[in-house]
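Have the structure open and follow along.

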Amino acid sequence: MKWEVVIGLEVHAQLATQSKIFSGAATAYGAMPNTQACAIDLGMPGVLPVLNEETLHMAIKFGLAANAHIAPESIFARKNYFYPDLPKGYQISQYEIPVVGKGYLDIILEDGSVKRIGITRAHLEEDAGKSLHEDFRGMTGIDLNRAGTPLLEIVSEPDMRSSTEAVAYLKTLHTLVRYLGICDGNMQEGSFRCDANVSIRPMGETKLGTRTELKNINSFRFVEKAINYEIERQIEVIENGGTISQETRLYDADNNTTRTMRSKEEANDYRYFPDPDLLPVAVSEELIAKIKTTMPELPQEKRDRFTKAYGLNSYDANVLSSSRDLADYYEAVTKVANEPKLAANWVMGELLAAINKENLNITESPIKAEALGQLIQRIHDNTISGKIAKTVFVHLWQNEGSVDEIIEKQGLKQVTDLGAIEKIVDEIINNNPQQLADYKAGKEKLFAFFVGQAMKATQGKANPQQLNDLLKDKLK
Amino acid sequence: MTHYTLADYQQQLASKDISSVELAQFFLQQMAKHAHLNSFITVCEQEALLQAKHADELRAQGKAGPLTGIPFAHKDIFCTKGIKTSCASKMLDNFIAPYNATIVDKMASAGMVMLGKTNMDEFAMGSSNENSFYGKVHNPWDLNCVPGGSSGGSAAAVAARIIPAATGTDTGGSIRQPAAFCGITGLKPTYGRISRYGMIAFASSLDQAGPMTQTAFDAAILLNVMAGFDPKDSTSLDTPVPDYTANLNDSLKGVRIGIIPSFFGQGLHPDINEAINKSKTVLEQLGAVFVEIDLPHHDLAIPTYYVIASAECSSNLARYDGVRYGYRAKNPENLLDLYQRSRSEAFGSEVKRRIMIGTYVLSSGYYDAYYIKAQQARRLLAEDYQNAFKYVDVILSPTTPDPAFKIAEKSDDPVKMYLSDIYTIAVNMAGLPAINIPCGFSGHLPVGMQFIGNHLSESKLLNIAHQFQQVTSHHQKAPEISL
């Protein structure tokens, strides 16, 4: 039988605020346990939550970018369950009326086509703390630093039909939240977490199959692998006459399998009800209008502009707009050297290779955009060749001075003195009579030999165009 | 000296007839003398004397405010930094908050001297003060009777003149009902008028702090300090605080007072009925006009209250799990055992009953039938009042159906106990202010009546109560043990 795969994703994006969603405690990652938890985060008696308005603004930003309905009034609810790292015995979340309603995101598939993925909702909530099961000799440690950290839970429609589509959606979302500056997107630190709802149904069937929810899939690669494993598992179960039970499954990256975490029967009755400590969250038209003015250019807009304004192909435009920092870097390069295509090649080639090799962020690049622009400018004005530029690049990376200083110091300036090049060319022709004869006899491939010899003699500094023209002339 | 009011002590302090330290010492003696009433959970002798000394220093420097050096007590539901806050529960017997409730800060900043923390029903759940881990409180008018609850310790202490004033909280009548049983003045302000920050939550959408005093004048003085917006409480009202003493002497000429005839029928003790009738005559003499009104959905009040209050309490009390503070069961076998034994060993039976009711009404499959229905009923009750306030300025109602009942009389019958709040509960559901003042006696026991006003009408309520107290003496009567 042919099976159709149905996937929906729930993403928890940690909002990049300085303080928590309902208290003034700091949200910075990696502090000593329980040093960033105040009385409110600890769920002490009598304390009360107060909404951090910044989180609301970030949620609205996301809603606007996702073409979504922004609720004029949304409600915080309590999700009640007992767990040691949940200090109040309930999580403050949004249930019946989330701040962001229905919307959509367009994703680009591998074949270049565009697919629209529905956003069901996005709501604000607080994170729980962490239970630490190691290092306590059979006991459990509780770290409440993370308790109260603001999250935006973004729920998609079950619109994806393969793990590749799921990853494409997740990457689009990841790019978007970083563009909006509402989430740092750090998946290792858990700032951007994903759960996947996966089901299958016979091709052509319109009713949804029973789904399982996959957890612990916190990298793009794991999302793809976990979903693929789960699809295979479900097909096998059904084709062997079994049924899928609705459950939460944990992905085990070590052996690439998923296993039951809890069944539907074991699921909590969360007893949601509106939190009486918090008023309904009112969002005025004025606030939305104000936030609209702070919206950055979105990835899709930027991509379109890069193709139009810089004449980039869609692949290059896509890569260069994949993060705001990278796009900003690229545009800063083109400001210094008005050579968009050459700049794209350099940024995507040498620069990204070096950045990735050293595991750096583009903002941490030892070569600033201005310097790379100057380098490209020197290629463009024939001071150096593209090949020599790679040498300059290495020196630049080592922080050995400005582009011009390095060219000067290392004596890398391109020889553009026609007389000097001619002298060298004459010498080479004279010293290689055999090759000259062969060339004249029709072995045209030997042209490259002469170019190579000349470059060697000039240590690569001869202007390639001039050299070419001269050689062609002399070898006639 | 015990018949003085807070306003009297203000004058005596201002004229330096007495020092803050002398006042504090006197009342600390009163507390020791009447320890058998069990109205206090914690006595803060050293802290109080230090505060009083500081108050005297301020006065000597000419920096005293109107409340500098005035002694009082907090209900043990308000968190006090460095001093135990138990909420009368075994669960919090070892709990010392590292922060002050907002009103604790406000009253301390005003220079007031806190003498101790008063007894109450556990987590403010109860109408008799029999549900305290620290034992029951006795009514100073009759030691065999309850003082009412949940603010029973505050009411008994003020009535017995052990202290001149105290704070209380009112979720369904917990200020007004004990005030009525003990013959004092108790004001439950508009929901949100006083910050709830640091006040241990029972039912967040109903809880409201207020002053418990001998007179309406004293209540106005305290409300001036307690009221106000608090950025730490999202539900506190961001509206200016008037001077609540400013309109106390306004004439009652033409004030329209609503009466709900059905409130005065069966179920109301005849002595209370008579006391209120006499009071009506007094109010008419003062110029007030009585208008009959109806609250058609009032019958829904008690069941609605027990759904909403219990639902909220089941969630509010989930934090007491033995993990971070408070009572923790010994040698738990596992996490579930830790939760179950910590909670079952440390909560009293009334608290457990309400947690179970609340958990039930919020459960999947019951939520719509109970919680949603109750919210709808709550809206109807609130609308009833809004309709009534089209025709009247305030509503006059009994505070309780009966005078104080005997200790243990109702403790085995929760429904009977719940019915003793029949006149007070709807007010909380509508978020309205109401004040209880003494209006007579049933035998040797005081009885009270309450005025209910529209949102933020505290000034009007205090004005009416004060005018009534200017021409009557019920509020001046003190129990024999205080004399």
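A residue is called buried here when its relative accessible area is under 20%, exposed when that area is over 50%, and partly exposed in between, with a 1.4 Å probe and protein chains only.

Some ground rules before going on. This is a predicted model, where local features need pLDDT of at least 70, side-chain atom pairs count only at pLDDT 80 or more, and totals for chains, interfaces and linings use all residues. Residues are numbered from 1 along each chain as its sequence is written, chains are lettered from A and ligands numbered from 1 in the order in which they are written, and side-chain values use heavy atoms, leaving out hydrogens and water.

**Chain B as a whole**

Chain B has 15 helices and 11 strands; these are DSSP runs numbered from the N terminus, helices being H or I with at least four residues and strands E with at least two. Its radius of gyration is 21 Å, close to the 23 Å that the globule rule gives for 483 residues, so chain B is as compact as a globular protein of that length. (The radius is taken over C-alpha atoms, and the rule is 2.2 Å times the number of residues to the power 0.38.) The C-alpha trace spans about 65 × 55 × 45 Å along its principal axes.

Of those 483 residues, 65% count as buried. If you take contacts (heavy atoms within 4.5 Å) between residues of chain B at least 6 apart in sequence, 76% of them join residues at least 24 apart. As for charge, the mean positions of the 40 positive and 45 negative charges are 3 Å apart. Lys and Arg count as positive, Asp and Glu as negative, with His and the chain ends not counted; each charge is placed at NZ of Lys, CZ of Arg, CG of Asp or CD of Glu.

**Rings**

Over all chains, the whole structure has 35 aromatic pairs. Rings of Phe, Tyr and Trp (its six-membered ring) pair if their centres lie within 6.5 Å; planes under 30 degrees apart are stacked, over 60 edge-to-face, and the rest tilted. Phe306(A) and Tyr330(A) have ring centres 5.4 Å apart and planes at 55 degrees, so this pair is tilted.

Tyr439(A) and Phe450(A) make an edge-to-face pair, 6.4 Å centre to centre with 80 degrees between the planes. Tyr439(A) sits in helix H13 (residues 433-440) and Phe450(A) in helix H14 (residues 446-457) of chain A, so the pair ties together parts 11 residues apart in sequence. Tyr439(A) is buried at 16%, and Phe450(A) at 0%.

Over in chain B, ring pairs join Phe95(B), Phe123(B), Tyr320(B), Tyr325(B) and Phe347(B) into a cluster.

Most residues other than glycine have a negative phi, and most peptide bonds are trans.

| Residue | Phi | Relative accessible area |
|---|---|---|
| Arg271(A) | about 45 degrees | 14%, buried |
| Phe123(B) | near 50 degrees | 1%, buried |

Arg271(A) is in the loop between strand S13 (257-263) and strand S14 (273-274) of chain A. Phe123(B) lies in the loop between S3 and H5 of chain B.

Ser150(B) lies in the loop between strand S3 (113-118) and helix H5 (152-159) of chain B.
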